[in-house]
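Trainee: I'd like to learn how to read a fold off a model, one feature at a time. Can we start with sheets?

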Amino acid sequence: MASSIVKTVCPFCGVGCGINLKIDEHGKLTGVEPQRSHPVSRGKLCEKGWSTAYAIRPENRITEPLKRIHNRFYPVSWDEALNEISEAIRDIQAESGPDAVGIISSARATNEDNYAAQKFARAVLKTNNIDHCARICHSPTVAGLKQTLGSGAMTNSTKDIFDTELIVVIGADPTENHSVFGGQIIEARQRGAKLVVIDPRVTRLAKMADVHLQLKPGSNIALINAMLHVLIKQKLYDASFISQRCEGFDALARSVETITPELAESGTGVAAAQIRQVAELYGRAKSAMILYGMGITQFVSGTSNVIALSNLALVCGQIGRPGTGINPLRGQNNVQGACDMGCLPNVYPGYQAVEDISAQGKFAQAWGETVATRPGLTSLGMTKAALAGEFRGLILFGEDPVVTDPDQNHVRAAMKKMDLLVVAELTMTETAKLADYILPAASFAEKEGSFTNCERRVQHIAQAVQPPGLAMGDWQWLKALAETLGSHALSWTNSEAVFDEMASLTPSYQGMTYSGIELAHGLQWPCNQDAPQGTAILHQTAFPIGKARLIPVHQIDIDETADEQYPLILTTNRLSCHYGCGSMTRKSPLLERETPAGLLFINPEDARALHIQRYSPVGIRSRRGYVETRAMITDDVPPGLVSMPYHFKEAPSNQLTNTAQDPITKMPELKACAVSVVPLPPGQEPKDIEHLLEGQ
């Protein structure tokens, strides 16, 4: 067997870079290189992309089904595992009904795996209890933009960064989280685009911005409304765009009439003159592109924050043209695809509402099965219902909610309380440790399928190597489990058959085939009869809802403010060398070498007041939990604000974070909670969370 190169897509972040996997003559993955002609990554990879091979190496992979017996895991056959899981599901549903079980699917898995997961929930289990991690990253994007524009996705393409006059980055840190695209923003800035960064932290992009608005966490709406006030007062809005394509302008104008930059100054911490400057820059730009991330969505005001940004883009007509738009940067490689596939409790594939009688009929007929008619539980709803004894069985794959969901103790307790927890994973994650059964999953390089990146580009991934041991792709074991439960609803023979069924039922994917997406380095949805080559820019001539809606929103303060007991506000961040819960990137010795296990970023002023030295061991406490780590003293966070990455299971920031939720999407407020920080005695090493929990 000769060595070969297999073209595929990087499994880290929502940029969707093209990579080549190098396979030796023994069928082993030996290395990675960028695809030179890829339309998104343009021959570049970030440090995570270059380290892809480490993420799926056979060491410490789960290679056979495992069953928990007396708190230890023992290998069992697939038949035994599937039979026992089926029996447990039947027993739970017989006693407590179909809604006592559910599925959490994965933004890291393929479209095919996610489509299969939601079909398994709806056609086999007869429940809409299906969710995934978009709940805690971009659910307010889907809810907010659906209301204002009719579609909750990035309106433009990443290449538009080179066609814009003004780049506005708000609540996002692309050089860390979307590094290749972050590099393109820097390149666009060097080519002459103006750059505005709106962020409480001094990010890498903030340091090279024309203007950095260092706002207080959670004051996004107050700031945007003050900008709208300036735009309307100075007549810098696009009157013809508004009259032709929007409704609700008069009500919006009235709602911001008194919100002057001077009034917003104290609440936002941003000088009135700076607010005016940025409003004028945006209003006068021929083309301006808004890019945002979880510094907008992960608040109790998440959906309203997204609506406020949409108001800003619409009022200035900055939508539907090259170099404009409102562009959420999705975190995981397939978070857009998992949402598109209907892995949400209220929508089928293509955002067709589960409460809509015609949608129910369409899917019931296509699947030959009756379907549940009311929306299911969100992932945090499942946690809450489990603690109340109402939700008893969970199938979960490619997610590690014990590390990534807020209030870790609460999540851990819910997982332990369930009668059945099934986890399909590559390696032993913190959530897998709590499972009754662990199923061996295939990685992205060991299966065929597709990913959808943040610019709606659906790309084909080819199988490069064989899965280790008895591991298999998620749609394959879901099919086997369905058959054990007596259902043939998932009776596909290969991943292309899964894709074709999904595309036939999903209007925005209807024109796509494997051969079509391979030829074009991916196609951007909507891709159908009207747009056979896909759509690079949404809303060019019309919105799916007719006229776009301008909706007044008002400042909603963070749920938990600093006080005497907890005098600092904690926010969360990500690091360029790591990804998600760290289960993939931390297998790379190169990436692990770059960052110690956990950090707390703290301003020198706060560090002096608390007698904390650089790299001092510190304890951080909130109303929900306690962790220990090391302090990194930096001016990148302002006084009063501390920041922690969530990649490190030893010092998980989600021991501390708040479960207070956006009422519309149930998005928890991961970006702000009150904490206290204390130095540990000199010479005392920070304890990891397992040791701290044992000591309780």
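Mentor: Two strands pair if DSSP finds at least two bridges between them. Helices (H or I, at least four residues) and strands (E, at least two) are DSSP runs, numbered from the N terminus. This is a predicted model, where local features need pLDDT of at least 70, side-chain atom pairs count only at pLDDT 80 or more, and totals for chains, interfaces and linings use all residues. Residues are numbered from 1 along each chain as its sequence is written, and side-chain values use heavy atoms, with hydrogens and water left out.

Trainee: In what order do the strands E1, E2 and E3 sit in their sheet?

Mentor: As a general idea, strands of a sheet pair through backbone hydrogen bonds, either parallel or antiparallel. Here the order is E1-E2-E3, an open sheet of 3 strands with antiparallel pairing. Strand E1 (4-9) and strand E3 (29-34) are at the edges with a single partner strand each, so one side of each has no neighbour in the sheet. From one strand to the next, the twist averages 30 degrees; axes are lines fitted to C-alpha atoms, for helices over the stretch in contact, and angles run from 0 to 180 degrees between N-to-C directions.

Trainee: How many bridges link E2 and E3?

Mentor: Strand E2 (residues 18-23) pairs with E3 over 5 bridges, in the antiparallel sense. To find one on screen, pick Ile 19, whose bridge partner in E3 is Pro 34.

Trainee: What is the strand order in the sheet with E19?

Mentor: That open sheet has 3 strands in the order E19-E20-E21, with antiparallel pairing. Its edges are strand E19 (449-452) and strand E21 (523-524), each with a single partner strand, so one side of each is left without a neighbour in the sheet. E19 and strand E20 (residues 457-461) run antiparallel and are joined by 4 bridges.

Trainee: Which helix lies across E19 and E20?

Mentor: Helix H4 (residues 111-124) does, running at about 90 degrees to E19. Just keep in mind that contact means heavy atoms within 4.5 Å.

Trainee: On to helix pairs. At what angle do H3 and H21 cross?

Mentor: The axes of helix H3 (residues 78-96) and helix H21 (residues 474-484) cross at roughly 60 degrees and come within 9 Å. That makes H3 oblique to H21. On handedness, a crossing is left-handed if the near helix is turned anticlockwise from the far one by less than a right angle, and right-handed if clockwise. The crossing of H3 and H21 is right-handed. In the contact, H3 contributes residues including Trp 78, Leu 82 and Ile 89, while those of H21 include Trp 477 and Leu 481.

Trainee: Are H9 and H11 crossed in a left-handed or right-handed way?

Mentor: Left-handed. Helix H9 (residues 220-233) and helix H11 (residues 249-256) have axes that come within 9 Å and cross at roughly 110 degrees, and the two helices are therefore roughly perpendicular to each other. Asn 225, Leu 228, His 229 and Ile 232 of H9 meet Phe 249, Leu 252, Ala 253 and Val 256 of H11. By class, this contact has 6 nonpolar, 2 polar and no charged residues.

Terms used: Angles under 35 degrees count as roughly parallel, over 145 as roughly antiparallel, 65 to 115 as roughly perpendicular and the rest as oblique. Ala, Val, Leu, Ile, Met, Phe, Trp, Tyr, Cys and Pro count as nonpolar, Asp, Glu, Lys and Arg as charged, and the others, Gly among them, as polar.
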